[in-house]
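Biologist: Hi! Could you walk me through this structure?
Modeller: Happy to, here it is.

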Amino acid sequence: MLKVVDHKIVIDEDQAEIVCYIFNQYTIGAYINEIYDYLIYNCIPYRGDLFRHSTVYNTLKNEKYTGIYRLNGKLYQNIYPAIIPAELVNVALKQSLSFTL
């Protein structure tokens with residue numbers, strides 16, 4: 001994910017690997033429960049604690065991993081360093097919408 005170093009937002013490579021895993025697994029057809037089970041089984045931490053289902057789900061909806069940030073209806077790009085290509089986030093969002101319809 002992201003962290004602040006010397007007053008700059010940079011990629012936390014260890015956490016970014018987990019974010020990439022979540023997106024890649026979801027877009028190839030893994031269910032959130034399967035991703036969650038893998039993270040728990042392998043004791044992969046999230047902010048010093050274990051992942052929750054909601055954390056996995058919210059990760060998949062979070063545009064900041066593409067470098068996009070929305071605030072008060074305005075779109076800001078390149079605020080955050082991109083971890084995930086925008087296309088991959090769009091695929092994940094479309095898949096999650098198809099499950100909620």
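Modeller: Let's start with a hairpin: strand 5 and strand 6 form one, with two residues between them, and Asn72 in the turn has a positive phi of about 50 degrees. Strands here are DSSP runs of E with at least two residues, helices are runs of H or I with at least four, and both are numbered from the N terminus. This is a predicted model, so local features need pLDDT of at least 70 and side-chain atom pairs count only at pLDDT 80 or more, while totals for chains, interfaces and linings use all residues. Residues are numbered from 1 along each chain as its sequence is written, and side-chain values use heavy atoms, with hydrogens and water left out.

Biologist: How many bridges join strand 5 to strand 6?
Modeller: Four, and the two strands, residues 68-71 and 74-77, run antiparallel. Two strands count as paired if DSSP finds at least two bridges between them.

Biologist: Which residue is the bridge partner of Tyr69?
Modeller: That is Tyr76, in strand 6.

Biologist: Which residues form the nonpolar patch on the surface?
Modeller: Tyr69 and Tyr76 belong to it, together with Val4, Ile9, Leu71 and Ile79, and the accessible area is about 510 Å² together. Patch residues have over 30% relative accessible area and no salt bridge; nonpolar side chains (Val, Leu, Ile, Met, Phe, Trp, Tyr) are joined within 5 Å, and like charges within 9 Å. Areas come from the Shrake-Rupley method with a 1.4 Å probe, and for residues only the protein chains shown count as cover.

Biologist: Is Val4 buried or exposed?
Modeller: Val4 is exposed, with a relative accessible area of 62%. Exposed means over 50%, buried under 20%, and partly exposed in between (1.4 Å probe, protein chains only). Val4 lies in strand 1, residues 2-5.

Biologist: Now the inside. How many residues has the largest nonpolar core?
Modeller: It has 22, and those with the most contacts inside it are Ile22, Phe23, Leu39, Phe51, Val56 and Ile84. The elements that give two or more residues to this core are helix 1 (13-27), helix 2, helix 3 (53-61) and helix 4 (86-100). Helix 1 gives the largest share, six residues. A core here is a set of buried Ala, Val, Leu, Ile, Met, Phe, Trp, Tyr and Cys residues joined through side-chain atoms within 4.5 Å.

Biologist: What is Leu39 in contact with?
Modeller: Leaving aside neighbours within four places in sequence, Leu39 is in contact with Ile18, Tyr21, Ile22, Ile44, Phe51 and Val56. Contact means heavy atoms within 4.5 Å.

Biologist: New topic: how many salt bridges does the structure hold?
Modeller: Two. A salt bridge is a side-chain nitrogen of Lys or Arg within 4 Å of a carboxyl oxygen of Asp or Glu. One joins Arg70 and Glu63 at 2.6 Å, N to O; Arg70 is exposed at 52%, and Glu63 is partly exposed at 23%. Arg52 forms a salt bridge with Asp49, with the closest N and O atoms 3.9 Å apart.

Biologist: Why can such side chains pair?
Modeller: Opposite charges can pair when their charged atoms come close.
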